[in-house]
Amino acid sequence: MTLYPIASGNFKLDGGAMFGVVPKAIWQRTNPADAANKIDIGMRCLLIEEADRLILIDTGLGNKQDDLFFRHLSPWGDFTLDASLAKHGFHRNDITDVFLTHLHFDHVGGAIQWNKDKTFLEPAFKNATFWSNADHWQWAVAPNARERASFLTENIQPIQESGQLKFVGLNGTSKLQTSALGFGIFFADGHTDKQMIPMINYKGKTIVFMADLLPTIGHIPLPYVMGYDTRPLLTLSEKELFLKEAAAQEYILFLQHDAHHELCTVQQTEKGVRLKETYTFNQIF
């Protein structure tokens, strides 16, 4: 098995929304805001090369939305998913599986693109199986008012219509199970229903793709919960459970949304679980 971090782009979101009830005077120490109160957000995907499979975890925003959509999100930097794949010798047509942690636009947007003539939408990975889970899929196609703006029909419906969609099975009430793709999944319901957090055994270490359970290193303290989360108190308890285990088991946390830190570890302190070290992928692997 070989893992590759895949940068699909960066954008900006309101810092207050990203940190909920935490005052700006505190959160801006780790996540400084610009004049519009926006902070840097990454869209770091992960590519798993295993035997004859190439598994891409999440896809970023994509490029099919209109100019107003992108102006609202203030994209920055020169990273693209295609360029990042090419850096490692791959093309999007090589991808055999696309694993979607959840269906918010910044995680699934790149899964769908316009066709050559811009007359209809089609899967951006024509040879891939797309993986979600039935509970989250239903949550996304019949969204609550709070999340409706994050679940865009144009990102979701074409996947189902393509015939390339499969669901990861849910093992009763278990929070951790092994997927058909060969890695474990921690299910987290605080941010959105049945978000899937991949846990990958790699070179003797456990790499955890944190998605929106832990967006940035600034979100490690338990009360630092996003205003976007549908069940913030549940996020708090899920974070506590997970971070205690991550500290005890020395997990390496792969940070999808931290634009400036790829990986981190955490440790138990008198104040609870806190940041231990940050790393680039190349420093560890």
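**Close-up views of a predicted model**

**View 1. Isoleucine 26 sits in helix 2.** The model is predicted: local features need pLDDT of at least 70, side-chain atom pairs count only at pLDDT 80 or more, and totals for chains, interfaces and linings use all residues. Residues are numbered from 1 along each chain as its sequence is written, and side-chain values use heavy atoms, with hydrogens and water left out. Helices (H or I, at least four residues) and strands (E, at least two) are DSSP runs, numbered from the N terminus. Isoleucine 26 has a relative accessibility of 31% and counts as partly exposed. The scale is this: buried means under 20% relative accessible area, exposed over 50%, and partly exposed in between (1.4 Å probe, protein chains only). Glycine 218 is 192 residues away from isoleucine 26 along the chain, yet their C-alpha atoms are separated by 9.6 Å.

**View 2. Helix 6 crosses helix 7.** Two packed helices are described by the angle between their axes and the distance between the axes. Helix 6 covers residues 134-141 and helix 7 covers residues 153-162. Their axes come within 10 Å and cross at roughly 130 degrees. Axes are lines fitted to C-alpha atoms, for helices over the stretch in contact, and angles run from 0 to 180 degrees between N-to-C directions. The two helices are therefore oblique to each other. Angles under 35 degrees count as roughly parallel, over 145 as roughly antiparallel, 65 to 115 as roughly perpendicular, and the rest as oblique. The crossing of helix 6 with helix 7 is left-handed. That term applies if the near helix is turned anticlockwise from the far one by less than a right angle; clockwise would be right-handed.

**View 3. Which residues of helix 6 meet helix 7?** Trp137, Ala140 and Val141 do, and they meet Ile156, Ile159 and Gln160. Contact means heavy atoms within 4.5 Å.

**View 4. Helix 7 has buried residues under cover from several elements.** The buried residues are Asn155, Ile156, Pro158 and Ile159. Their cover includes helix 5 (105-108), strand 5, strand 6, strand 7 (129-132), helix 6 and strand 8 (165-167). Glycine 163 follows helix 7 and has a positive phi, near 80 degrees.

**View 5. Lysine 12 pairs with aspartate 34 in a salt bridge.** A salt bridge is a side-chain nitrogen of Lys or Arg within 4 Å of a carboxyl oxygen of Asp or Glu. By this rule the count is seven salt bridges. In this pair the closest N and O atoms are 3.9 Å apart. Lysine 12 lies in strand 1 (residues 2-14) and aspartate 34 in the loop between helix 2 (24-27) and strand 2 (38-50), so the pair ties together parts that are 22 residues apart in sequence. Lysine 12 is buried, at 17% relative accessible area. Aspartate 34 is partly exposed, at 30%.

**View 6. Lysine 194 and aspartate 189 form a salt bridge.** Their N to O distance is 3.4 Å. Is lysine 194 buried or exposed? Lysine 194 is buried, with a relative accessible area of 18%. Aspartate 189 is also buried, and its value is 11%.

**View 7. Arginine 231 meets aspartate 193 in a salt bridge.** The closest N and O atoms are 3.4 Å apart. This pair links distant parts of the chain, 38 residues apart. Arginine 231 is in the loop between strand 12 (205-209) and helix 8 (232-249). Aspartate 193 is in the loop between strand 10 (184-188) and strand 11 (195-202). Arginine 231 is partly exposed, at 28% relative accessible area, whereas aspartate 193 is buried, at 12%. Elsewhere, salt bridges that share partners join Lys12, Asp34 and Asp40 into one network.

**View 8. Lysine 118 has a positive phi although it is not a glycine.** The angle is about 55 degrees. Most residues other than glycine have a negative phi. Lysine 118 lies in the loop between strand 5 (112-114) and strand 6 (121-123). At 62% relative accessibility, lysine 118 is exposed.
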